[in-house]
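Here are my notes on this one, written up as numbered points. Have the sequence and the structure open while you read.

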Amino acid sequence: MSNDPGQGPGRSHWGSRLGFVFAASGSAVGLGNIWKFPYITGEYGGGAFVLVYLMCIALVGLPLMYSELIIGRRGARDAMGSIRALTSHSTFGPAFSLFAGLLAVGGGFLILSFYSVVAGWAVHFLAVSMKLVPNAPEGVEATFSTLLGDDRLAVSRAELVPVLWHTVFMLMTIIVVVRGVHRGIEAVCSKLMPALFVILILLLGYVAFTGGLGQSIAFLFKPDFHKLTAAGTLEALGHSFFTLSLGMGAMITYGSYLNDDRSVVRDGVVVAVLDTVVALLAGLVIFAVVFAHGLEAGAGPGLVFKTLPKLFVAMPFGTPVAIAFFVLLIFAAWSSAISLLEVVVAFAVDSAGIGRGRSTWVLGGAIWLLGVACASKAPLFDDLDNLTTRYMLPIGGLIIAILAGWILRPADRAAGFVALGGEQGTLARAWLVIIRFVTPVLLLIVLLWKLGALEKALPFLFGA
Ligand code: TRP
């Protein structure tokens with residue numbers, strides 16, 4: 001039993017390795033890839049930013065991805081339970097697991113509450129594209145203002161519309177998680193992810209004909225290092241683990257439903273590659289549309305919800321293209337939201353012994369309630385976004401790196417490398433060096449920067 005804790009009786013498992021890869025890449029591929037990656041790339045100047053982002057995926061993302069998967073797989077419980085099980089030999093174990101576990105469960109709870117609101121905007125735009133809901137008479141920007149709740153002329157409506165779509169999206173998420181790991185999450189993600197790829201390829205084919213693709217390729221892949229700033233580098237670092245769903249136990253939880261250690265490293269690499277490919281392809285499509293209309297890349301957070309809908313209207317086959325794009329966004333967000341809810345539900349099921357059905361409805365309902373507050377109060381929305389992505393995720397990532405690099409038993413640490421030359425193999429050694437020294441230092445830098453300390457200490461770096 002202690003050698004192979006993952007085979008505990010009664011615990012859910014993925015039906016197949018492919019099912020796990022779909023679910024985990026579903027978690028990783030989300031609003032971060034299709035909404036956030038393109039707009040930060042646009043803001044920070046393109047190619048050079050992309051290059052730094054790819055390096056961060058390799059130096060921070062991948063090592064942390066492996067750490068989380070192996071902690072989950074060996075611990076075979078929810079995030080807090082897995083960490084507790086694997087650190088029982090250490091004096092710091094209980095404190096670590098409590099802190100990391102609270103961060104994970106709290107993080108899932110808080111992130112999902114505003115993530116669902118943003119996903120709700122996508123559902124709204126899908127409904128608008130399908131002409132089920134009218135556009136605001138003043139156009140797309142006014143439609144988006146309604147969602148943001150700053151449409152002062154129609155206060156009551158402004159609060160109701162985003163709440164309605166947030167409710168629809170939370171229900172979609174709850175219904176999947178209630179059905180469990182195999183029949184719910186795996187079954188749905190195995191359909192969503194292939195569909196997402198097909199839509200993305202179709203959109204890419206479309207922009208190949210409407211122009212702008214050449215410029216888009218040059219923008220994303222021709223590095224211009226003059227445009228790279230310290231702030232851009234740090235943003236890339238922070239985004240590299242948000243996009244892979246790291247730092248709050250999502251991959252620990254998904255790893256805990258794996259059947260064996262053998263291919264943990266390989267599957268982690270596959271998930272990271274799929275996530276990166278989707279971000280790059282989405283960027284190619286979005287910037288091709290933007291450049292085809294002679295616009296600038298640096299539109300900021302409104303890129304996907306303000307700029308694109310306006311451009312689609314003016315394009316050939318605009319309606320089906322807009323529909324395809326928002327379906328893509330919703331599919332991506334849905335499979336990520338599922339993983340956020342699963343982190344919280346797994347905690348209730350494994351650590352508190354509450355049934356899955358009851359846990360999902362009660363916790364999903366509580367998250368929905370917080371989301372309702374976010375949907376109608378923009379400051380709360382921003383605070384939660386900042387608190388989680390700026391502080392909780394990097395702290396969570398740092399703790400996981402320290403756990404994996406310094407506290408885990410060697411046998412647990414090496415388990416995923418068995419098929420790749422064992423713990424003495426080059427890959428395993430490289431990972432150990434990176435997770436011990438490189439990842440924590442880089443994460444500490446992000447954290448200090450986000451706390452504002454770095455900017456104060458080294459003002460010349462930031463041009464302040
Ligand atoms: N990775 C998702 C995205 O790119 C968001 C996400 C889902 C996430 N689960 C997470 C981020 C857990 C951090 C932690 O949109």
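1. Before anything else, keep in mind that this is a predicted model. I'll start with the open space. The largest pocket holds about 940 Å³ of space, and 41 residues line it. If you want to find its centre, look for W35, K36, Y39, D385 and N386, the closest lining residues to that point.

2. Which elements build that pocket? Two or more lining residues come from each of helix 2 (31-43), helix 5 (93-129), helix 6 (140-148), helix 10 (230-243), helix 13 (303-313), helix 15 (356-376), helix 16 (378-407) and helix 18 (426-450). Helix 16 gives the largest share, with 8 residues. By class, the lining of the largest pocket splits into 25 nonpolar, 6 polar and 10 charged residues.

3. I'd flag 4 cavities of 30 Å³ or more. The largest cavity has a volume of about 160 Å³ and a lining of 19 residues, with S27, Y115, F242, S245 and L340 nearest its centre. Helix 1 (17-28), helix 2, helix 5, helix 10 and helix 14 (318-351) each give two or more residues to that lining. No charged residue is found there: the lining of the largest cavity has 11 nonpolar and 8 polar residues.

4. The second largest cavity has a volume of about 50 Å³. What classes of residue line the second largest cavity? The count is 10 nonpolar, no polar and no charged. The residues are L203, Y206, V207, V285, I286, V289, L308, F312, V321 and F325.

5. On to charge pairs. In general, side chains of opposite charge can pair when their charged atoms come close. The whole structure has 9 salt bridges. One of them joins R11 and D350, at 2.6 Å from N to O. R11 sits in the segment before helix 1 and D350 in helix 14, so this pair ties together parts that are 339 residues apart in sequence. D350 is partly exposed, with a relative accessible area of 32%.

6. E235 belongs to helix 10 and K36 to helix 2, so the pair ties together parts 199 residues apart in sequence. Both residues are buried.

7. R74 and D412 make another salt bridge, with the closest N and O atoms 2.9 Å apart. It links distant parts of the chain, R74 in helix 3 and D412 in helix 17 (residues 410-414), 338 residues apart. R74 and D412 are both buried. They also belong to a network of salt bridges that links R73, R74, D261, R409 and D412.

8. Two last spots to look at. On the surface, L51, L54 and F225 form a nonpolar patch with about 260 Å² of accessible area together. L54 lies in helix 3 (residues 47-75) and is partly exposed, at 33% relative accessible area. M172, in helix 7 (residues 155-178), is partly exposed as well, at 21%. The C-alpha atoms of M172 and W334 are separated by 7.8 Å, although the two are 162 residues apart along the chain.

Definitions and conventions: Residues numbered from 1 in each chain as written. Predicted model: local features only at pLDDT ≥ 70, side-chain atom pairs only at ≥ 80, totals over all residues. Heavy atoms only, no water. 1 Å grid on protein atoms, 1.4 Å probe; cavity = no way out; pocket = protein on both sides within 12 Å on 5 of 7 lines; lining within 4 Å. Points joined across faces, edges and corners; volume = space filled by probe spheres on them. Helix = DSSP H or I, 4+ residues; strand = E, 2+ residues; numbered from the N terminus. Nonpolar A, V, L, I, M, F, W, Y, C, P; charged D, E, K, R; others polar. Patch = residues over 30% accessible without salt bridge, like charges linked within 9 Å, V, L, I, M, F, W, Y side chains within 5 Å. Areas by Shrake-Rupley, 256 points an atom, 1.4 Å probe, with all protein chains shown as cover. Salt bridge = Lys/Arg side-chain N within 4 Å of Asp/Glu carboxyl O. Buried < 20%, exposed > 50% of the residue type's maximum accessible area, 1.4 Å probe, protein only.
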